[in-house]
Amino acid sequence: MNRTIPLILAVALFMENMDSTVIATSLPAIAIDIHTSPIALKLALTAYLVSLAIFIPISGWMADRFGAKTIFRAAIAVFIAGSVACALSGSLPAFVVARFLQGIGGAMMTPVGRLVLVRATPKSELVAAMSWLTVPALVGPLVGPPIGGFITTFFTWHWIFLINVPIGLIGIWLATRFLPETEATETPPLDFVGFVLSGLAASGVVFGLSVVSLPYLPPATGFITIAVGLLSGALYLVHARRAKNPLLALELFRNQVFRSSVLGGSLFRIGIGAVPFLLPLMFQIGFGLTPFQSGMITFVSAIGAIGMKFVTALIFRVVGFRRVLIVGSLVAAASIAIYGLFTPETPYALMLAILLVGGFIRSMFFTGVNALSYAEVSAEDTSKATPITAVFQQLSIALGVALAGGILEVSTSIHGGPLTLGDFHTAFFIVAAVSAAASLSFMRMAPDAGNAVSGHGRLTTPKTLEPVRSPGE
């Protein structure tokens, strides 16, 4: 494979992943400066993820219509503009709008590169390709918490967004210098009705869940928004059955393996999406640590994620997708539940060890789910599968943030006081249960599901060989 594609994609993934972990570490400081609460700032996190869910479905169409190189460079430029707007924000509404603008850029950066990767890689090598491709991107979560915590503690939180400017400019230069020119191709007309309905469905449900219990908005606002989202989703299902070229090809869900990978992965990501929101808040509000101290603890999980990438392909080849994903989802969920037992008296070495193991397991799980999504998808349908998997990924993470914030809000309203350590413990137990439910989806898969991708079972006797029979049998 041409090395320039993973290199340029890694720049975009690095910037996105570092940005998301930096803001999670700095939420309390940002909340104080713009006169709001850390829980209310979940709107900024969900606004970014909802923006991804809205615009990712048209990323493939945009790349085909205007050229992948052009769209990639424009997306980085939009992301830079959103980062600058975040740094200049002085209120919660302005910050939410700026994060939404960032999401528009993020929605166009990585799906285009992932689509190229899938099309250029034989299925037998897809697990290894996914593992190696994401190693540079995992450097973002590795350096994000310490850098974000250091900048927020010793300087000001505004600089955590301004560091995206030089990184983004480097990405634009790399794309201009190394990416081959791509001509626009003939594409079917954009499914505009599907784009509007899917966007309303994603934004309505996630944003509604985020605002339903905020103190400065009537609860009815959230419920109405959720209802609009659900209705739009139902209308999209009707539209997709009738449209000639629907935006999201839902017929792919007829395949058991694809359905299990998307739905099971989404359940698991709801819990995982909550962790980056809950952990830094618990360390800073519940433990009284500084943002820098918090970041120096949470970054350890990224080390575990990087370490696992080098052995993931071997694990799936030896054990197979079904067993690894069932056990992996349960073990990873258990590691999230253990976070609910952390107290200020817990030895730091023990917390670091648990976070490291959790990073190992989650990394293995995500690599497997991402590869399994394409295991039984034909080459011509990869462009249809990519936006569906990406949309469900971002929606589930956004739902995780909304769920975590909602649990904290309900918990504080019950005892009528500020956030306590017990509120965070409750939240970790609940989101862990949601992640554990993902195992049910993988239990429905056949034992040999995804073997064409993992290589599991290739050393066994082929089924086509007849057993040797003795005379007279």
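A cavity here is a set of grid points where a 1.4 Å probe fits but cannot get out, and its lining residues have an atom within 4 Å of a point. With that in hand, welcome to a short tour of this predicted model.

**An enclosed space**

The structure holds three cavities of 30 Å³ or more. Let us look into the second largest cavity, which contains about 50 Å³ of space. Which residues line the second largest cavity? They are S261, V262, S266, R269, V369, N370, S373, T389, F392 and Q393. Three helices, α11 (256-286), α16 (348-372) and α17 (382-415), each give two or more residues to this lining. Of these elements, α11 gives the most, with four residues. Sorted by class, the lining of the second largest cavity has six polar residues, three nonpolar ones and one charged one.

**A nonpolar patch on the surface**

Now to the outside of the model. F150, F154, F155 and W159 form a nonpolar patch on the surface, and together they have about 480 Å² of accessible area. One of these residues, F150, lies in helix α6, which covers residues 126-154. F150 counts as partly exposed because its relative accessible area is 37%, and partly exposed covers the range between the 20% limit for buried and the 50% limit for exposed.

H35 sits in the loop between α1 (4-33) and α2 (42-55). The backbone of H35 deserves a look, as this residue has a positive phi of about 60° although it is not a glycine. Is H35 buried or exposed? H35 is exposed, with a relative accessible area of 73%.

F442 belongs to helix α19, which spans residues 438-443. With a relative accessibility of 0%, F442 counts as buried, since buried means under 20%.

| Residue | Relative accessible area | Class |
|---|---|---|
| F150 | 37% | partly exposed |
| H35 | 73% | exposed |
| F442 | 0% | buried |

**Back to the cavity**

Why use a probe at all? Rolling a probe the size of a water molecule over the atoms shows where empty space is left. In the second largest cavity, that space is about 50 Å³.

Terms used. Residues are numbered from 1 along each chain as its sequence is written. This is a predicted model: local features need pLDDT of at least 70, side-chain atom pairs count only at pLDDT 80 or more; totals for chains, interfaces and linings use all residues. Side-chain values use heavy atoms; hydrogens and water are left out. Patches are made of residues with over 30% relative accessible area and no salt bridge: like charges are joined within 9 Å, nonpolar side chains (Val, Leu, Ile, Met, Phe, Trp, Tyr) within 5 Å. Accessible areas come from the Shrake-Rupley method with a 1.4 Å probe; for residues, only the protein chains shown count as cover. A salt bridge is a side-chain nitrogen of Lys or Arg within 4 Å of a carboxyl oxygen of Asp or Glu. Buried means under 20% relative accessible area, exposed over 50%, partly exposed in between (1.4 Å probe, protein chains only). On a 1 Å grid over the protein atoms alone, a cavity is a set of points where a 1.4 Å probe fits but cannot get out, and a pocket is an open set with protein on both sides within 12 Å along at least five of seven lines; lining residues have an atom within 4 Å of a point. Grid points are joined across faces, edges and corners, and a volume is the space filled by probe spheres set on the points. Ala, Val, Leu, Ile, Met, Phe, Trp, Tyr, Cys and Pro count as nonpolar, Asp, Glu, Lys and Arg as charged, and the others, Gly among them, as polar.
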